[in-house]
Amino acid sequence: MTNAHEIDPDFSLDTELEDTDDWADDEVESGYSGDDPEEDPTVGAMQLAERHQLRRVAGLRTELEDITEVEYRQLRLERVVLVGVWTEGTVEDAENSMAELALLAETAGSEVLEAIYQRRQTPDPATYVGRGKVEGIAEIVQATGADTVICDGELAPSQLRNLEDKLKVKVVDRTALILDIFAQHARSGEAQAQTELAQLNYMKQRLRGWGGNLSRQAGGRVAGGAGIGSRGPGETKIENDRRRINTKIAKLRRDLREMKGTRDTKRQERRRNHIPSVSIAGYTNAGKSSLLNRLTDAGVLVEDALFATLDPTTRRTTTSDGRIYTMSDTVGFVRHLPHQLVEAFRSTLEEVADSDLILHVVDGSHPDPEGQITAVREVFAEIGATKVPELVIINKADLADPMVLARLRQREPHSVVVSAKTGEGIAEALALVEGELPRPGVEFKALLPYERGDLINRLHQQGEIDSLEHTGDGTIVVGRANADLAGELEAYAV
C-alpha cells in the first residue's frame, strides 16, 4: 500500500511557483489594483466599493415557493410595472422613453416585470391612462404579482390617488422615482439637504387625509372630557403634517443659504484671481465623471448607472503654456428633470451659468443622442446658461456607431469626438478647451528686474507671454495680462 502523503519524485517547487505567475488579477478599471500595499485608492474607488458592498445575486434562491408559516418576511427587489402615455413624437421616441424609465427603475432598486404605453392626445385628467387601460393594468399587476406601478410622467395628486384606489398597489410617478435615486446617491451635506428639500416640496402637495377621523379634536366625552368649546374638527392630521413639512422646508432653505454663501465665497476668490472656470455638464451617464478623471486625474466615482454622482467636484488644472483654470463636474440632467430638483439644486447649477466655458458631454452610443442634447439645453435655458460658450464633447467613441458620430458632428460643428475610457480624442479636446478659455485683454511690454520673479510667475499662470528676453538690466516681457496685473506692470513699462 502506498502512502497517501508520499511526495511525487517529479515534484519541483520552482515549477509549481512558475505556474502561479498568471494568477494575479488584472488591475480594476477604477485605478486601484490592490497589489501594492502603499498604493492609495481614489475617492471614487472607495465610494464605488462601499456602494457595492451588498449586492443581490439573482437565481440562487433555495426557499420554497409554497409558504405556510404564519408570518413570512423576504428581502427582495420591488417588482414594478411601467406605464407610459405617448402624446407626441414617433414610436421610437416612446420606446426610448420607456427604456430610460426602466433604467431609472433598476437604478432605484427594482425589478421591471412589464412595460406598456398608450397613444393619447393628452393624459387622462383622472387616471393618466384611459379607464379601460386601467383595468388592463390591474389584471397585469395581479397576474405578475407586482407591488408597484411607475408612470412615465408627473402625476397630479388626484391621478395618483385614483390609480392607487383602482390598482390596489403603490403608484409612483417619474418625479418621485428620480427623487428616490437622488436620495440614495446623495453623499455631501449640501446634496442631502437639496434632495430632501425637493422631496418635501413634492410631498407637500400629495399628502393624503381621510377627513374627520384624523381630527385632533372632538366634542363631548370623546375629547377626554374637554366638553363644550372643544367640539369641531380642529387641526386634522394632514394639516399638522403639512405644517411640520413647511417648518422643515424653511430650515433646509436657511441651511442651503449658508452653504451657498460658502460656494459664492470660493467663486469670488476665483474671480478675484482671474482664474477661468470650465463646467462639465450633460445627460446623466454620458461619462462626465470619467471625462473629469481623464482630464484632471480627479479620482471621482465612476459607475455605469444613472445619477451615480450628485456632488459637484472642482479641480484646478493648467494649460500647456502654464495658465491655471478650474474644471467642475456637475449633476447630470435627464428628460423632464423635476422642477423641484432644478430649484433645490439651483445653487449648484449656478456653477454652470457662471462658468467661462461649458463642456456639453453627449453619449455617442445612446439610441437618441439628439434627444439628450435637446433635453440638456432646455435645462441650460432654465438656469440662464444659454449665453455661456459651449463645446460639445461626443463621448464613448469606442462604443458608438461611426455613422452616428458623423451625423452628430454635422449637426454640431463645434464638437469633438472622444473616448474617456480609451483616451481617444482627449488631446484634441484639451487643445480646444485651451483655445476657448478667455484671453487676457491688456497688452503690455515691460522690463522686469530679476528680483521680481513673482511677477514672471503670475504672468505664466494668469497671462500670456509672447516673448521673453533676458538682458543685463532685467527681463523684457511682451504679452497680454488682465487689468489688475497689467496695472502692476505699468511701473516697469518700456
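**Helix H8 and its partners**

Let's start with one contact. From H7, the residues Gly-189, Glu-190, Ala-193, Gln-194, Glu-196, Leu-197, Leu-200, Asn-201, Met-203 and Lys-204 meet Arg-242, Ile-245, Asn-246, Lys-248, Ile-249, Leu-252, Arg-253, Leu-256, Met-259 and Arg-263 of H8. Contact means heavy atoms within 4.5 Å. Helices are DSSP runs (H or I, at least four residues), numbered from the N terminus. By class, this contact of H7 with H8 has nine nonpolar, four polar and seven charged residues. Nonpolar covers Ala, Val, Leu, Ile, Met, Phe, Trp, Tyr, Cys and Pro; charged covers Asp, Glu, Lys and Arg; the others, Gly among them, are polar.

Some ground rules. This is a predicted model: local features need pLDDT of at least 70, side-chain atom pairs count only at pLDDT 80 or more, and totals for chains, interfaces and linings use all residues. Residues are numbered from 1 along each chain as its sequence is written, and side-chain values use heavy atoms, with hydrogens and water left out.

How confident is the predictor? pLDDT is its confidence in each residue, from 0 to 100. The protein has a mean pLDDT of 79, and 80% of its residues reach 70 or more. Over residues 56–75, the pLDDT is below 50. Residues 210–214 also stay under 50. Where pLDDT is low, the predicted coordinates should not be read in detail.

Back to the helices. The axes of H7 (residues 189–204) and H8 come within 9 Å and cross at roughly 150°. Axes are lines fitted to C-alpha atoms, for helices over the stretch in contact, and angles run from 0 to 180 degrees between N-to-C directions. So H7 is roughly antiparallel to H8. Under 35 degrees counts as roughly parallel, over 145 as roughly antiparallel, 65 to 115 as roughly perpendicular, and the rest as oblique.

Next pair. H8 (residues 237–272) and H11 (residues 346–353) pack at about 15°, axes 10 Å apart. H8 is therefore roughly parallel to H11. Here Lys-260, Arg-263, Arg-267 and Arg-270 in H8 meet Ser-347, Thr-348, Glu-350 and Glu-351 in H11.

Last pair. H11 and H12 (residues 369–383) have axes that come within 10 Å and cross at roughly 100°. So H11 is roughly perpendicular to H12. Arg-346, Leu-349, Val-352 and Ala-353 of H11 make the contact with Phe-380, Glu-382 and Ile-383 of H12. That gives five nonpolar, no polar and two charged residues.

Definitions and conventions:
pLDDT = per-residue confidence, 0-100. Helix = DSSP H or I, 4+ residues; strand = E, 2+ residues; numbered from the N terminus.
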